[in-house]
Amino acid sequence: MIIVGVVCARLYYVIFRWEYYSANLGEIINIRGGGLAIYGGVIGAVVTAIIFCKVKKKHFGQVADTAILGLLVGQIIGRWGNFFNREAYGGVTGKSNPFAMRLFFGKEFTIGQVPSSVLKGMAKITPKSVIDLKYVQVHPTFLYESTWNLLVLILILIFRRKKAFQGEVFIWYLGGYGLGRFFIEGLRSDQLLLPWGWPVSQVLSALLVVGAIVAEIIIRRRIKGRKA
């Protein structure tokens, strides 16, 4: 699952940045240059787990409910890598935001690394020239997502013993993570976009939330019907 997850995390990123990678094929395997998408990793790991469970005759729902706790812990910790790398941040935010993160321009970080969407936002909130600024103040989306994942983990730990069927905890994860990621993705300045301009991870998050709700309702109704 880990090996396939890493490969799929890279594929997800490359596919939705194909305009760049099609002209720079050698960069596809250069993961040190950045570009691993968590959704791709999760999709790859889930597909691998489904195949593994079929071959080994294990119950996928039970395996998923168990593994999802480790996945959430990994996401909570892993998002802090974005902080140390100064990447995957959101758009510009004002000084009134107590969580704002400052990216100082210097030898390691230049204004050329700032996405155009952030620069436009900077120009709107300050009368000074962007070039004259010593830093850019942005939404720390890594912190938002890490905190949200911690909340999802806590809620799952509290309510997991009340699950009505194997796989329900996994469904809670999909819906819970999807809900938070939908709003957080809207703040990010490095979105992977679909051909018509929508952020792919935001669209996928919305689908996960809807899918989780529908699955929860249908399966619980079936269980209730059997008991009746």
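## Starting at helix α1

Helices (H or I, at least four residues) and strands (E, at least two) are DSSP runs, numbered from the N terminus.

Which residues of α1 are buried? They are G5, A9, R10, Y12, Y13 and V14. Buried means under 20% relative accessible area, exposed means over 50%, and partly exposed is in between (1.4 Å probe, protein chains only). The buried residues of α1 pack against α2 (18-21), α3 (38-56) and α9 (200-227).

## What kind of model this is

This is a predicted model, where local features need pLDDT of at least 70 and side-chain atom pairs count only at pLDDT 80 or more, while totals for chains, interfaces and linings use all residues. Residues are numbered from 1 along each chain as its sequence is written, and side-chain values use heavy atoms, with hydrogens and water left out.

pLDDT is the predictor's confidence in each residue, from 0 to 100. The protein chain averages 88, and 87% of the residues score at least 70. Over residues 127-131 the pLDDT is below 50, and beyond near neighbours in sequence this stretch has 6 contacts in the model. A contact means heavy atoms within 4.5 Å.

## The overall layout

The protein chain has 9 helices and 2 strands. Follow the sequence along and you get the pattern α-α-α-α-α-β-α-β-α-α-α. Of the 228 residues in the chain, 38% are buried. Take the contacts between residues at least 6 apart in sequence: 73% of those join residues at least 24 apart.

## The two strands

Strand β1 (residues 101-104) and strand β2 (residues 135-138) pair in the antiparallel sense over 4 bridges. Two strands count as paired if DSSP finds at least two bridges between them. What is the bridge partner of M101 in β2? That would be V138.

β1 has a covered face, with M101 and L103, and an uncovered one, with R102 and F104. In a regular strand, side chains alternate between the two faces of the sheet.

## Rings that pair up

The structure holds 12 aromatic pairs. Rings of Phe, Tyr and Trp (its six-membered ring) pair if their centres lie within 6.5 Å; planes under 30 degrees apart are stacked, over 60 edge-to-face, and the rest tilted. One of the pairs is Y39 with Y177, which is edge-to-face at 5.6 Å centre to centre, with 70 degrees between the planes. Y39 lies in helix α3 and Y177 in helix α8, so this pair ties together parts that are 138 residues apart in sequence. Both Y39 and Y177 are buried.

The rings of F60 and F170 are also a pair: their centres are 5.7 Å apart and their planes at 85 degrees, so they are edge-to-face. F60 sits in helix α4 (residues 60-78) and F170 in helix α8, so distant parts of the chain, 110 residues apart, are linked. F60 counts as partly exposed at 23% relative accessibility, whereas F170 is buried at 11%. Elsewhere, ring pairs link W80, F83, F84 and F142 into a cluster.

T141 is found in helix α7 (residues 141-159) and counts as buried at 2% relative accessibility. T141 and A88 are 53 residues apart in sequence, but 7.1 Å apart in space, C-alpha to C-alpha. The side chain of T141 reaches the backbone oxygen of A88 at 2.5 Å. A polar contact is a pair of N or O atoms within 3.5 Å; within protein, one must be able to donate a hydrogen and the other to accept it, and residues adjacent in sequence count only if both atoms are side-chain atoms. Leaving aside neighbours within four places in sequence, the contacts of T141 include R188.

R188 is in the loop between α8 (168-185) and α9, and is buried, with a relative accessible area of 13%. A polar contact of 2.9 Å joins the side chains of R188 and D190. Over in helix α4, Q75 is buried at 5% relative accessible area, and a polar contact of 2.8 Å joins its side chain to that of Y173.
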